[in-house]
Amino acid sequence: MRHRLTPILVSPDVPIRAVLEIMNAAPKVTPEAAPSGIVLVVDGEQRLVGIVTDGDVRRAVLRSHDLSLPVETIVNRNPITVPAGLASVDVLRRVGDQLAARGAKTRRIDRIVLVDDDRRPVDVVSSFELWKESEVGARTVCIVGLGFVGLTLAVTMAEVGYDVVGIERRPDVLAHLRKGTPHFHEKNLPALLKKHVGSRLTLEHAIAPGRADIYIVSVGTPIDEATHVVDYGHLTAAAEAIGDVLRVGDLVILRSTVPVGTTRSRVIPILEQRSGLAAGRDFSVAFAPERTVEGRALEELRTLPQVIGGWDARSLDLAARVFRAVAPTIVATSGLEAAEMVKLVNNSYRDYVFAFANQVALLCDRLGISSTAVIDAANEGYPRNPIARPSPGVGGICLRKDPILFAESARNAGVDPRITLAARDLNRAVPERVAEKVLAFAADKGIAPEKLRVGVLGVAFKGMPETSDVRGSVTLDVATALRARGVRADIVAHDPVVPQEEITAAGFRPAAVEDVFAGSDAVLQLTNHPRYETLDFGALAASGGASYFFDGWNMHHPDAVRSRGMRYDALGTDRG
């Protein structure tokens with residue numbers, strides 16, 4: 001028997017009032033605190049008669065039970081007990097089996113009594129302590145939100161041995177996922193989804209009580225690009241749903257990108273209010289940002305370091321244990337706010353770097369010199385500041401949203417975020433310059449804007465690594481800018497990955513590459529998908545359509561286009 005049990009061993013004839021005093025004093029015992037909220041009632045040979053918890057005493061008080069009566073009048077003579085010496089995972093399974101046999105609605109209890117072969121108490125442990133020490137197979141993870149972030153994490157965690165419950169509120173998406181069909185393109189995702197759905201991965205519409213020990217929130221936090229107002233609707237709903245089922249010992253991990261301070265000031269109060277529990281004391285909270293790139297998410301979940309910040313040291317430790325089965329390295333930060341900021345720093349810096357490259361391109365464009373030649377010359381043999389290549393704009397939800405969230409965090413702290421916002425404004429303006437160049441070509445050829453036929457190559461927000469995600473697509477921005485300048489004809493579009501119905505939904509007319517060239521006056525390549533590296537401009541020019549080609553990613557030699565009778569253009573190109 002562990003020495004710490006001695007203060008909470010009582011005989012059946014001890015008065016209830018004295019038992020209450022023992023419970024209050026037990027956590028203060030030194031050098032090893034006794035288990036709190038429980039006493040063990042034993043006979044003269046120290047064999048367990050039963051247990052009394054603080055809940056039993058409260059119920060006795062509410063019934064106006066005489067507290068001077070012996071404790072045996074309220075003792076639970078049939079508590080859950082487990083033989084000492086078992087591994088943590090086996091203890092949890094034994095407890096679950098006993099509760100199921102008794103018809104209990106929950107599969108967990110707060111305090112478990114470990115006994116020897118003679119039913120003498122050896123220790124009292126909590127489900128939380130056992131969970132902390134147990135193996136992966138004993139943990140169930142509930143991932144709320146099965147978009148690009150949540151679904152890739154769900155199948156990865158199932159692959160490494162977790163039992164995962166995925167929550168998706170969109171009925172059409174949920175139906176496809178249950179059939180093993182993901183709703184977006186990601187390398188190797190269909191195979192992993194089909195492998196685990198119905199076994200280690202269960203898909204549900206809502207969170208059910210008692211199904212999980214760990215909750216990971218991966219819902220969207222969209223912003224209005226015009227007003228920069230964050231929509232917390234999905235995050236609030238997720239926190240409320242988790243709070244309604246939260247139990248002592250559970251762990252909540254936020255993975256959604258948020259302004260610094262959101263977990264502490266917005267999410268935790270909801271969890272506490274809905275559950276009646278307290279963060280740190282009753283449940284743990286951590287922030288673990290997602291930093292994978294779409295198209296390589298499954299690979300990067302297993303290769304990138306996982307940054308984690310916790311409400312307290314225990315929260316950090318538990319979250320690190322969860323992700324240690326997935327990520328090769330855990331990077332611990334000082335707290336929730338530091339972890340929240342890491343994701344914003346990563347993407348805001350990338351947006352700034354791309355903005356500088358695009359500013360170089362815009363300047364070169366006015367000067368009539370090649371931006372790629374200038375940047376390549378600046379980079380060659382000079383390791384201190386490798387400059388990125390320019391693009392027709394910066395696409396994707398994260399690189400558009402995160403600098404705004406970083407700027408909001410800065411303003412909230414009294415810091416001027418002018419550099420971050422200036423970079424975002426410049427990147428947002430690049431598609432406008434692309435549209436101006438296309439209209440300048442049309443004017444030079446005497447084609448009125450309303451008569452101009454435009455075709456685009458690439459509808460997704462990027463081409464490498466490939467994705468089907470059209471959210472935040474530069475192609476949509478350029479199309480909007482063209483239409484604002486009077487282009488009225490349907491814009492035809494090709495994308496190697498985006499389904500035709502999604503191309504149509506995005507406002508384009510789907511077409512093969514050959515038909516894009518044949519049916520357009522101007523063709524714009526706006527993503528860097530490898531499929532477009534090998535365009536046969538000879539065959540495409542023979543269609544007799546396009547006479548202008550805009551190379552948004554500088555993937556082609558100008559002479560390869562000009563030699564076929566088409567005008568070559570880019571952001572920053574030698575005049576020829």
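Which residues have the most contacts inside the largest nonpolar core? The structure is a predicted model, in which local features need pLDDT of at least 70 and side-chain atom pairs count only at pLDDT 80 or more, while totals for chains, interfaces and linings use all residues. Residues are numbered from 1 along each chain as its sequence is written, and side-chain values use heavy atoms, leaving out hydrogens and water.

A nonpolar core is a set of buried Ala, Val, Leu, Ile, Met, Phe, Trp, Tyr and Cys residues joined through side-chain atoms within 4.5 Å. Buried means under 20% relative accessible area (1.4 Å probe, protein chains only). The largest core has 38 residues, and V144, I207, Y215, L235, I242, L246 and L271 have the most contacts inside it. Helix α8 (residues 233-245) gives this core its largest share, 5 residues. I207 touches C142, V144, I167, Y215, A241, I242 and V245 (heavy atoms within 4.5 Å), residues up to four places away in sequence not being counted. A second, separate core has 36 residues, including I143, L193, L301 and L318.

Helices (H or I, at least four residues) and strands (E, at least two) are DSSP runs, numbered from the N terminus. In strand β2 (residues 38-42), 5 of 5 residues are buried. I38, L40 and V42 point one way; V39 and V41 point the other.

Strands pair if DSSP finds at least two bridges between them. β1 (residues 9-10) pairs with β2 in the parallel sense over 2 bridges. Here L9 has L40 as its bridge partner. β2 also pairs with β3 (residues 48-53), in the antiparallel sense over 5 bridges. The β2-β3 hairpin has 5 residues between the strands, and Q46 takes a positive phi near 65 degrees.

Technical notes: Buried means under 20% relative accessible area, exposed over 50%, partly exposed in between (1.4 Å probe, protein chains only).
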